[in-house]
Amino acid sequence: MRNLPHSRKKPMKTDDEKQLLAYRLLEGERAERLERAGASLRYSVLPCRGQKAGAVFFLHGVASNGSRWEEFIEHTALRDRFDIIRCDLRGHAASVCRGRARIEDWCADTAAVLDAEGIDKAVIVGHSLGAQVAVNFSARYAERVRGCALLDPLLSEALTPKALAMRAKLPYLKAMEGFFRCTGALGFHRRLKNQDLRAMDANARRKIAAGGEELEEFIREYSSAKADLQYIHSAVYLRDLVEVGRPTPAPEKIKAPMLVIGASAGTFTNPEAMQAWVGKLTDGTWAQVQCAHWPMTECPQDVAAVIEKWVFARFAPAS
């Protein structure tokens, strides 16, 4: 096990400490706390139920937290062979951060959690911002990655005009972030709501099934900064948008096996351009699911089937 400087694991043992997580623990899942320079990280580990083949680490998206993966983890067959790790990224929900967090920090935190758990290599799975962290982790910490699965990543080469227009606003977002960090330093803070993504998804699926105006309402709600800001501080949210808009590492720099799952609707990314990017990978696999940009909300069973098939085939093949 590698030991990164200024990292110290603190197990959560009491029920009160477990509540410091922003999400519910599943049966058998244990909560952990890792103190690092500038941050107190919260994550959880669900040990596999059978003969262990490795570990899978899940990273959530913008304005999100570890509850994003609760439903997937509860039902996935990956639990039979893999330890499951999920977290609140630094600066999100229960993972407190005293300064701005960047991709470099989230990548280093991921490595620190793997160290704390005695894991040399893991399969990394990320959605949106989490996918941006995962692909950067694969480029920066190649020796720690067995494989990587990206859910509708915002790849630089595949952005739609809508996404490119948003990226053009990055200088303004940085200025606004600075303003909100100043107000925070002066003691101005909003009381945030707890974000239970599993419950939100259940309501969203009712709207998707209804179609028409309710479907449009779902897309507006899940695309809404106003809605997101109920659950995340403004400065952190703006930093998320800045970081997710940074250039993606060149595919030639990625050596580990990589699964890329694209959204069919092309809300933020062009599926054809994304597939072309996958074709430049050393070991890339492309899949597409029918959704706008929120695959774990819109078509979770389809996503689970794709991820499970790929992970088992590559890292735990039947004997």
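**View 1. Cysteines and the disulfide count.** The count of disulfides, pairs of cysteine sulfur atoms within 2.5 Å, comes to 0. The model is predicted: local features need pLDDT of at least 70, side-chain atom pairs count only at pLDDT 80 or more, and totals for chains, interfaces and linings use all residues. Residues are numbered from 1 along each chain as its sequence is written, and side-chain values use heavy atoms, with hydrogens and water left out. For C148, the closest cysteine sulfur is that of C107, and because the two lie 10.0 Å apart they are too far for a bond. C148 counts as buried, because its relative accessibility is 0%; buried means under 20% relative accessible area, exposed over 50%, and partly exposed in between, with a 1.4 Å probe and protein chains only. For C182, the closest cysteine sulfur belongs to C97, at 16 Å, again too far for a bond.

**View 2. Two nonpolar cores.** A nonpolar core is a set of buried Ala, Val, Leu, Ile, Met, Phe, Trp, Tyr and Cys residues joined through side-chain atoms within 4.5 Å. In soluble globular proteins, nonpolar side chains tend to be buried together. The largest nonpolar core here has 47 residues, and those with the most contacts inside it are F57, L59, I85, L150, M258 and W277. Helix α3 (residues 103-116) supplies the largest share of this core, 7 residues. Apart from it lies another core, of 30 residues, among them V56, A149, M296 and I307.

**View 3. Surroundings of W277.** Contact means heavy atoms within 4.5 Å. With neighbours within four places in sequence left aside, the residues in contact with W277 are V135, L155, E157, T248, P249, P251, M258 and V260.

**View 4. R246 in a loop.** R246 belongs to the loop between α10 (234-244) and β9 (258-263); helices (H or I, at least four residues) and strands (E, at least two) are DSSP runs, numbered from the N terminus. R246 has a relative accessible area of 19% and is therefore buried. Its contacts, leaving aside neighbours within four places in sequence, are R102, I103, E104, Q132, R140, S156 and R167.

View 5. F180 is part of helix α6 (residues 170-185). F180 counts as partly exposed because its relative accessibility is 31%. Together with M176 and F179, F180 forms a nonpolar patch on the surface, with about 290 Å² of accessible area in total. K174 is also placed in helix α6, and its relative accessible area of 47% makes K174 partly exposed. Leaving aside neighbours within four places in sequence, K174 is in contact with R239 and V242. The C-alpha atoms of K174 and L241 are separated by 9.3 Å, although these residues are 67 residues apart along the chain.

**View 6. Two alanines with positive phi.** A63 has a positive phi of about 55° although it is not a glycine. The loop between β4 (54-59) and α2 (70-75) holds A63, which is buried, with a relative accessible area of 3%. A93 has a phi near 50°, again a positive value in a residue other than glycine. A93 is placed in the loop between β5 (82-88) and β6 (96-97), and at 48% relative accessibility A93 counts as partly exposed.

Methods:
Patch = residues over 30% accessible without salt bridge, like charges linked within 9 Å, V, L, I, M, F, W, Y side chains within 5 Å. Areas by Shrake-Rupley, 256 points an atom, 1.4 Å probe, with all protein chains shown as cover. Salt bridge = Lys/Arg side-chain N within 4 Å of Asp/Glu carboxyl O.
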